[in-house]
Amino acid sequence: DHCTVHATDVMAWAPAMRNVDIAFIDPPYAFDGWSKLLSLIDVGLVVAESDDPIEAPEGWTQLRSRRYGRTWVTLLEK
């Protein structure tokens, strides 16, 4: 009742995001558009899965980045 899952192209949908507290983002591992994506979304906290740690772009702070096997999970706060 308190969440909605959108299985779609995040770059196309991100500008329409409204009233989102936490975004769990898991694009294909070769994704390299993090700076662009993070500039498009209006959300306070992002939990991101990737093949490398994600550097926090301007306006964001990396709270934590931890590796689990070959997956990196990075927490970013706006």
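Predicted model: local features only at pLDDT ≥ 70, side-chain atom pairs only at ≥ 80, totals over all residues.

Visitor: Fine. Leaving aside neighbours within four places in sequence, what is F31 in contact with?
Guide: With that exclusion, F31 is in contact with M11 and L37. F31 sits in the loop between β1 and α2, the latter covering 34-40.

Visitor: How many aromatic pairs does a search of the whole structure find?
Guide: The search of the whole structure gives 1 aromatic pair. F31 and W34 form that pair, with ring centres 5.2 Å apart.

Visitor: And why is the pair of F31 and W34 called edge-to-face?
Guide: Because the ring planes of F31 and W34 are at 90°, and planes over 60 degrees apart count as edge-to-face.

Visitor: Is W34 buried or exposed?
Guide: W34 counts as buried, because its relative accessibility is 9% and the limit for buried is under 20%.

Visitor: What does the side chain of S50 reach?
Guide: The side chain of S50 reaches the backbone oxygen of D52, at 2.4 Å.

Visitor: Change of topic. What is the volume of the largest pocket?
Guide: The volume of the largest pocket is about 700 Å³. Its lining has 21 residues, and T4, H6, W13, A23 and F24 lie nearest the centre.

Visitor: Which element gives the most to that lining?
Guide: β1 gives the most to the lining of the largest pocket, namely 6 residues. Both α1 (10-13) and β1 (20-25) supply at least two residues each.

Visitor: And how do the lining residues divide into nonpolar, polar and charged?
Guide: The lining of the largest pocket has 13 nonpolar, 5 polar and 3 charged residues.

Visitor: Where does N19 lie?
Guide: N19 lies in the loop between α1 and β1. N19 is exposed, with a relative accessible area of 82%.

Visitor: What is phi of N19 near?
Guide: Phi of N19 is near 55°, which is a positive value in a residue other than glycine. Most residues other than glycine have a negative phi.

Visitor: What about D9, where does that lie?
Guide: D9 is in the segment before α1. The relative accessible area of D9 is 48%, so D9 is partly exposed. The side chain of D9 reaches the backbone nitrogen of M11 at 3.0 Å.

Visitor: How far is the C-alpha of D9 from that of S65?
Guide: Those C-alpha atoms are separated by 24 Å, and the residues are 56 apart along the chain.

Visitor: Which side chain does a polar contact join to that of S65?
Guide: The side chain of T74, at 3.1 Å. T74 is in strand β4, residues 71-77.

Visitor: Is T74 buried or exposed?
Guide: T74 is buried, with a relative accessible area of 0%. Not counting residues up to four places away in sequence, T74 touches V46, V47, A48, P53, I54, Q62, R64 and S65.

Note on methods:
Residues numbered from 1 in each chain as written. Heavy atoms only, no water. Helix = DSSP H or I, 4+ residues; strand = E, 2+ residues; numbered from the N terminus. Buried < 20%, exposed > 50% of the residue type's maximum accessible area, 1.4 Å probe, protein only. Polar contact = N/O pair within 3.5 Å; in protein donor to acceptor, adjacent residues only side chain to side chain. Contact = heavy atoms within 4.5 Å. Phe/Tyr/Trp six-rings, centres within 6.5 Å; stacked < 30°, edge-to-face > 60°. 1 Å grid on protein atoms, 1.4 Å probe; cavity = no way out; pocket = protein on both sides within 12 Å on 5 of 7 lines; lining within 4 Å. Points joined across faces, edges and corners; volume = space filled by probe spheres on them. Nonpolar A, V, L, I, M, F, W, Y, C, P; charged D, E, K, R; others polar.
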